[in-house]
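Hello,

Here is the structure for you to look over. My notes follow below it.

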Amino acid sequence: MALSHRFLNVNNLLLVLALFSALFDVCFAARSILLTQNQLLRYHNGALLQGTISVNLIWYGNFKPSQRAIVSDFISSLSSTPTNVAPSVATWWNGFIDKYYRLANSKNNPSLHLGKQLLDDNYSLGKSLSDKHIVQLASMGEQMNAINVVLTASDVTVAGFCVNRCGTHGSKSSILKGKNHKFAYIWVGNSETQCPGYCAWPFHQPVYGPQNPPLIAPNNDIGMDGLVTVLSGLLAGTATNPFGNGFYQGPATAPLEAASACPGVYGKGAYPGYAGDLLLDPTTGCSYNAHGAGGRKYLVPAIFDPSTSQCSTLV
């Protein structure tokens, strides 16, 4: 049975923080409670992802080649550091995730690399998907030493998408060579036409909260840049809590994880409606905090640092 976790689970946060109604107020109130209690994300003694992991991309619906390149270059950036360019996506991944593995006494940190890419641009399951459909699509990828990432196009609706989540991660059991295995999967949707103010902030005017001007997306694609930001947080949650019994705080059905414990924080000085002090490209005017492969720039979320009990950013 798949165990799915929400990157943005507003409903559960609202139950805890009933005094707050705006999205950013809810998210930052959750962060405030977490930090003032000075709690680590507790390790529940479960297995973490180990060794070399293939990140397989399953494209569902119509994506332009340029859009697919934004994501595939990001995955490649997790294991390759641009020469003499800092801060980098690889630094973000290796530096922050390593601290969780040290706490778990694990020396075999996951090394992610771009695996296979599968295209389903004929909408084989239709344009309205359930969670079961997502698991079905994720099962198309490799099921050992892999994270299968399902990416849905802007004209595909998914249960809960734009209502209380922008993506999920979970796991599914499978039998390979007579043995039972579990593989991790992630789903993220392109929110460009459905809810960019919810899932592509800060590159679009927010639905709720302070109405500061949106930032310019680093790859000139609001939907895909927002998708990468959500995906990066889900990758952090997948590595540190792949099967629902790793690092998290709160109920297992709606956990605060490595990235979701720091919602809306991308740079130092972040507050509700303000992503933080980010880097600015002098030519394009785009905002970012990490350099990637091929000269790409990306915006990655803060990670809850278990050694300091604070949200740590690259910039």
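**What I found**

Leu151 is in contact with Leu57, Ile58, Trp59, Tyr60, Phe63, Val71, Val188 and Leu227, leaving aside its neighbours within four places in sequence. Contact means heavy atoms within 4.5 Å.

First, the basis. This is a predicted model, in which local features need pLDDT of at least 70 and side-chain atom pairs count only at pLDDT 80 or more, while totals for chains, interfaces and linings use all residues. Residues are numbered from 1 along each chain as its sequence is written, and side-chain values use heavy atoms, with hydrogens and water left out.

**Overall**

The chain has seven helices and 16 strands. Both are DSSP runs numbered from the N terminus: helices are H or I with at least four residues, strands are E with at least two. Of the 315 residues, 57% are buried. Buried means under 20% relative accessible area, exposed over 50%, and partly exposed in between (1.4 Å probe, protein chains only). Among contacts with a separation of 6 or more, 72% are between residues 24 or more positions apart.

**Cores**

A nonpolar core is a set of buried Ala, Val, Leu, Ile, Met, Phe, Trp, Tyr and Cys residues joined through side-chain atoms within 4.5 Å. The largest one has 73 residues. Val71, Phe74, Leu78, Ile147, Leu151 and Leu235 have the most contacts inside it. Helix α7 (residues 222–240) gives this core its largest share, nine residues. Another core lies apart from it, with eight residues, among them Tyr266, Ala275, Leu278 and Leu299.

**Packing on α7**

Helix α3 (residues 65–77) packs against α7 at about 30 degrees, with the axes 10 Å apart. Axes are lines fitted to C-alpha atoms, for helices over the stretch in contact, and angles run from 0 to 180 degrees between N-to-C directions. α3 and α7 are therefore roughly parallel. Angles under 35 degrees count as roughly parallel, over 145 as roughly antiparallel, 65 to 115 as roughly perpendicular and the rest as oblique. From α3, Gln67, Ile70, Val71, Phe74 and Ile75 meet Met224, Leu227, Val228, Leu231, Ser232 and Leu235 in α7. By class, that contact has nine nonpolar, two polar and no charged residues. Here Ala, Val, Leu, Ile, Met, Phe, Trp, Tyr, Cys and Pro count as nonpolar, Asp, Glu, Lys and Arg as charged, and the others, Gly among them, as polar.

Helix α4 (residues 89–103) and α7 pack at about 30 degrees, with axes 10 Å apart. That makes α4 roughly parallel to α7. Trp92, Trp93, Ile97, Tyr100 and Tyr101 in α4 meet Ser232, Leu235, Ala236, Ala239 and Thr240 in α7. The contact of α4 with α7 has eight nonpolar, two polar and no charged residues.

**Backbone points to check**

- Ala86 and Pro87 are joined by a cis peptide bond, omega about -5 degrees. Pro87 is in the loop between α3 and α4.
- Trp201 to Pro202 is also cis, with omega near 15 degrees. Pro202 sits in the loop between α6 (196–199) and α7.
- Asn45 has a positive phi, near 70 degrees. Asn45 is exposed, at 65% relative accessible area.
- Asn105 has a positive phi, near 60 degrees. Asn105 is exposed, at 71%.

Asp305 lies in strand β15 (residues 303–305). Its relative accessible area is 4%, so Asp305 is buried. Beyond neighbours within four places in sequence, Asp305 is in contact with Lys99, Gln310 and Ser312.

Best wishes
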